Amino acid sequence: MSAIDAETVRATAMPKSDAATVNRSNVPAFVAEGVNVYYGSKQALKDVAIDINRNQVTALIGPSGCGKSTFLRCLNRMNDIIDICRVTGNILLDGQDIYDKQLDVVQLRARVGMVFQKPNPFPKSIYENVAYGPRIHGLARSKAELDEVVQTSLERAGLWKEVSDRLNQPGTGLSGGQQQRLCIARAIAVQPEVILMDEPCSALDPIATAKIEELIDELRQNFTIVIVTHSMQQAARVSQRTGFFHLGVLVETGDTEQIFTNPHDKRTQDYITGRFG
Amino acid sequence: MSNEPLGGLATAPQAAIGRPIADVVAASLKSRYASERRFRLYGLAAISFAVLCLAVILFTIIRTAIPAFTQTMINLDVTLYPQEIDPEGTRDPETLSRADYQRLLRDAMDDLFPEVTSRAERRALFAMLSPGATYFVRQLVIDDPSLIGQRVRVQVPLSDDFDQLAKGRIRADTAEAERRVSDKQIEWFERLRSRGMIETAFNRTLFSAGDSRSPELAGVWGSVVGSFWTMLITMVLAFPLAVGAAIYLEEFAPKNRFTEIIEVNINNLAAVPSIVFGLLGLAVFISFFGLPRSTPLVGGLVLALMTLPTIIIASRAAIKAVPPSIREAALGVGASKVQSVFHFVTPLAMPGMLTGSIIGAAQALGETAPLLMVGMVAFIVDIPGGPLDPATVMPVQIYIWSDAPERAFIERSSAAICILLGFLVCMNLIAVVLRRQFERKW
Ligand SMILES: Nc1ncnc2c1ncn2[C@@H]1O[C@H](COP(=O)(O)OP(=O)(O)OP(=O)(O)O)[C@@H](O)[C@H]1O
Ligand SMILES: [Mg+2]
């Protein structure tokens, strides 16, 4: 049995109750209402409604197969590339329906970046990995400007010191943790408003995980972050708000502190105390 | 954890049949290892058999081919009489090329055997030289007109029968009626040989000439160039078309009934006998569009049709093998569909596409049947200068020669097979190199 002691969770969650942050983010970035997702005839998400606040980290937790990734992929329409996947309901980004026919999906993905569960650097050099996004969007007018973007992105991802002398080597030659930070650098190089992270630390050791958590906390100043995680300590450590999914239903959302100390729903309580999942 | 009660350490676990499990496993191991050994043996036997067959084929081909790479030559002293070549002394290249060099060669041969006087015998004597010997003298004079009036030593080929005699393929001890050279000619040949005038030289003609009625003047170069133009047309058409089709079908086309039917048909096309493509080419390209027969253009079009399905299938497999995580990564930073396909998927699939294309090209290079249909089986002496000149290709040249009655053509046909195999090996090496070049880990 690998139950997390509710007391421990509470203790780690406590210092994160940052009142200032909560106040700044009274206008949500994403508003989702009545979201249903079907894979063929199988319904993966049922009537999900959640607000995702600006400049906060929102953690999505829940047992495996409950639809966390599915929901995350709805937010930048990555589900579009799955033929059998169908999404209904409303997801508004700054009041605009992202599933609206008028909306350009490429533009949406430039505004909503994503970091995947498994590090997936491009089979190109480290520099090219980061420069690719800004280049296709025309964010840099000169080589010098592009160099600048690459450097700041790598610095913010905490990778610059390790790779500054080998920018021309393949990104795939880095260690798993470095690759994941490279993917984060790649995502922030496009200067999105929101970054979606699907279990970004699942393949990493505790030290690399700690680095990425630190990074997420820093990135919160400038970005809105949604993170899917299986580690409740991680959710408690990095997030301000938490949503708990169970069997395709968003059971409960609330401030992280409240979810971990005083969950309203029995299922949430059972999950965070390790009784199932 | 199993729910069944475990026995103590002293009593070994018992299988259902009552024997210790370890013994049951050990007993089954024996037969499992035996079947593994058997399988290895079958594999080894199959491989050995294949290698043996290959070795036998290669050995027989190369053994037949080797004599074709040399040619028996005679060193003749020819007097270049000015009154025969250029009576007016203009040194006009036109005059030089039209002069009667056969006369000069006849004289040279007569000088060697003054005792031969009868018309029939003199003809038999002269027949020892290749009909192409005059071209050698003519070329000598055109290259250097100052030689006119001198007595020069020229190396000219013997005709194929005497080449075969020199190589021991025609034997003097068979009855005169059963061989293509007379006793007299053999005697002359032996005398020439004893005077040291006969020499075996590397057969340069084989690599520089087009086809000819005389084996000693025939070469593969015409068909090599024909193959080159044909393959050029084939690949220039087939590669972009097939790769484009594969990318479209795999990445952009909606998955519906219609595309499914197309897919099934592409797979079926790959299995259509190649001669059908030849008939199609004859009906469509030659009869309907009126393109010129026997040209690399038409041959290339036909072979392009034939290789399209092969390349499409290989390219689609290569595209399918690109991990979806790369596509997601590209789309995730806001690349459009086209950008994700052309910046990431295509480069990663390129090694597979190239391999498929080279396999297709190799197939096309060795193809004969469809080309017979579009008239590329003609007897063509000139080296084709472009895709609109009449041409033949290497496998057709091999086919034509292997059908010829002269022994020397059979040798040359084997030599041409060796050259064709050489080209195929080169193409495969190129495929390997290209694959290495493009291959990157992800
Ligand atoms: N491409 C797909 N095709 C069909 N069904 C899918 C597909 N992707 C996900 N599903 C189904 O949707 C449900 C939710 O999957 P999802 O990947 O969102 O779960 P998850 O919460 O992210 O799980 P995990 O924590 O294991 O990653 C699952 O039942 C899964 O089988
Ligand atoms: Mg998931």
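Which elements of chain A each supply at least two residues of the shell around ligand 1? They are β2 (42–53) and α3 (68–75), where helices (H or I, at least four residues) and strands (E, at least two) are DSSP runs numbered from the N terminus. The structure is a predicted model, in which local features need pLDDT of at least 70 and side-chain atom pairs count only at pLDDT 80 or more, while totals for chains, interfaces and linings use all residues; side-chain values use heavy atoms, with hydrogens and water left out. Residues are numbered from 1 along each chain as its sequence is written, and chains are lettered from A and ligands numbered from 1 in the order in which they are written.

**The surroundings of ligand 1**

- Ligand 1 is surrounded by 14 residues, and the closest of them are A:S64, A:K68, A:S69, A:T70 and A:H230; a residue is near a molecule or strand if one of its heavy atoms lies within 4 Å of it.
- Helix α3 of chain A gives the most to this shell, with three residues.
- By type, the shell divides into five nonpolar, six polar and three charged residues, where Ala, Val, Leu, Ile, Met, Phe, Trp, Tyr, Cys and Pro count as nonpolar, Asp, Glu, Lys and Arg as charged, and the others, Gly among them, as polar.

- A backbone N or O atom of A:G65 lies 2.8 Å from an oxygen atom of ligand 1, and for a backbone N or O atom of A:G67 the distance to an oxygen atom of the ligand is 3.0 Å.
- The side chain of A:E199 also takes part, with an N or O atom 3.3 Å from an oxygen atom of ligand 1.
- Taken alone, ligand 1 exposes 630 Å², and the protein buries 66% of that; accessible areas come from the Shrake-Rupley method with a 1.4 Å probe, and for residues only the protein chains shown count as cover.

**A nonpolar patch on chain B**

- On the surface, B:L54, B:L58, B:I62, B:I66 and B:L421 form a nonpolar patch, with about 420 Å² of accessible area together.
- Helix α1 (residues 21–65) of chain B gives the most to the patch, with three residues.
- B:L54 is found in this helix α1, and B:L54 is exposed, with a relative accessible area of 51%; buried means under 20% relative accessible area, exposed over 50%, and partly exposed in between (1.4 Å probe, protein chains only).

**Single residues in chain B**

- B:L308, in helix α13 (residues 296–320), counts as buried at 18% relative accessibility.
- B:L308 and B:T234 are 74 residues apart in sequence and 9.3 Å apart in space, C-alpha to C-alpha.

**Positive phi values in chain A**

- A:D47, in strand β2, has a positive phi near 50° although this residue is not a glycine, and A:D47 is exposed at 56% relative accessible area.
- A:D94, also not a glycine, has a positive phi of about 55°; A:D94 sits in the loop between β4 (85–93) and β5 (96–97) and counts as partly exposed at 41%.

Terms used: Polar contact = N/O pair within 3.5 Å; in protein donor to acceptor, adjacent residues only side chain to side chain. Patch = residues over 30% accessible without salt bridge, like charges linked within 9 Å, V, L, I, M, F, W, Y side chains within 5 Å. Salt bridge = Lys/Arg side-chain N within 4 Å of Asp/Glu carboxyl O.
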